[in-house]
Amino acid sequence: MAAVAGADGFRALDEASLVEYIKATPALRAQLGEQLEGLAIKEVGDGNLNFVYIVAGPAGSIVIKQAIPYLRLIGASWPLTKERAYFESLALKVHGSLCPDHVPRVYHFDQPLSLIAMRYLEPPHIILRKGLIAGIEYPLLAQHMSDYLARTLFFTSLLYHSTLEHRHAVAEFCGNAELCRLTEQVVFSDPYKVAQYNRWTSPHLDHDVEAVRDDDILKIEVAELKSMFCERAQALIHGDLHTSSVMVTIDSTQVIDPEFAFYGPMGFDIGAFLGNLILAFFSQNGHADKDNNRMVYKQWILRTIEETWNLFHHKFVSLWNENFDGHGEAYLVDIYNKPELQLLVQKKYMTDLFHDALGFGAAKMIRRIVGVAHVEDFESISDETKRASCERRALDCAKTILKERRKFETISQVISVVQEISAP
């Protein structure tokens, strides 16, 4: 049976109580069809935080997601605000209005129950991470993700907002502080110290983990990234844009799970996505077999990384140029009134954003190897020696990129470093 409702009206639903809830909710009946006998409900939440149900009815299917007041990965010993569902719903609506082709539609939100009902991404949609493990090429991935990143980041920034609009929007998302704090802990703190929930492929990586904890230069760089994450309200970011937050087919790309959304540094989203693609690249040797050495696929991943950044850069600057004399107040046209000055401003902005993305991406890579939550790309490699070899190269790459990020001028230079470190 479902739990009894608390004083705030919250109760954790199960399959039986979910049926009753759907029958009592007109917006959901409308999506599923009015004849609701024999609803098919399946719990599919394999993430770290929530329960996720696919509900199939006579007229269609929906996804219902409920946030529970603790970290599902750990249990009740790690409490977590269920208010994250409110911010996820809000972010889906904002980002969906800016990029409807790549964000699933929200049908219903119930704040007391921390419950969101949204579009069901029907088969053959799968989690991108699983597709990368399987070695599937997605020819439109870079095109779609660069579009999502350019539109959601540009249109929620001061390049498009007035300062008044921006402050109101920032304030709206300030309440998601607990999930920001979780990110601060697991990305910028725990990997660099002895922490209760840290884990790694031991004993193979024991010395590598010690090296991370003893690397003073790395710690100084991570402190700077943490400050930026905490202090810089640059745009409405997804906040957890790894390859399990993207569902794909060959011609569709959908970004899901923005429960960590807040106004933060743009580079955090860009870096999260690119960093997870680099992790996928380094995992490929562990998935290679006698029938497929994955070499062709590894080259596709590298091309996708390069194209994603280059297309993002082009689209973001194009949006900026189209709106330079709009109401965005970052660079007032009365001040930045010469074409050559505008070009200088854009060049500095995009260079800084590139370096931010590289730093955050590298930090996200490190936490996935030595922190609390790992990635299936590596975890699904059953041979521990082989897995550790893949992880070590990814870790070395991440440390190099993080410490030397300001030296890179192009994404192709980053790709060269990835290739050098991956060479046998």
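The radius of gyration is 22 Å, in agreement with the value near 22 Å for a compact globule of 424 residues. The model is predicted. Its C-alpha trace spans about 60 × 60 × 40 Å along the principal axes. The protein holds 15 helices and 12 strands.

**Packing and contacts**
- Of the 424 residues, 55% are buried.

**Nonpolar cores**
- In soluble globular proteins, nonpolar side chains tend to be buried together.
- The largest nonpolar core has 117 residues. Within this core, F312 and F316 touch the most other members.
- Helix α12, residues 339–370, gives the most to this core, contributing 14 residues.
- Leaving aside residues up to four places away in sequence, F312 touches S146, L149, A150, L153, I270, E307, M350 and L353.
- Another core lies apart from the largest one. This other core has 17 residues, including I22, L28, Y53 and I62.

**Surface and charge**
- The accessible surface comes to about 18100 Å². Carbon and sulfur atoms account for 53% of that surface.
- The protein carries 42 positive and 55 negative charges.

How values were computed: Residues numbered from 1 in each chain as written. Predicted model: local features only at pLDDT ≥ 70, side-chain atom pairs only at ≥ 80, totals over all residues. Heavy atoms only, no water. Helix = DSSP H or I, 4+ residues; strand = E, 2+ residues; numbered from the N terminus. Rg over C-alpha atoms; globule rule 2.2 N^0.38 Å. Buried < 20%, exposed > 50% of the residue type's maximum accessible area, 1.4 Å probe, protein only. Areas by Shrake-Rupley, 256 points an atom, 1.4 Å probe, with all protein chains shown as cover. Lys, Arg positive; Asp, Glu negative; His and termini not counted. Charge placed at Lys NZ, Arg CZ, Asp CG, Glu CD. Core = buried A, V, L, I, M, F, W, Y, C linked by side-chain atoms within 4.5 Å. Contact = heavy atoms within 4.5 Å.
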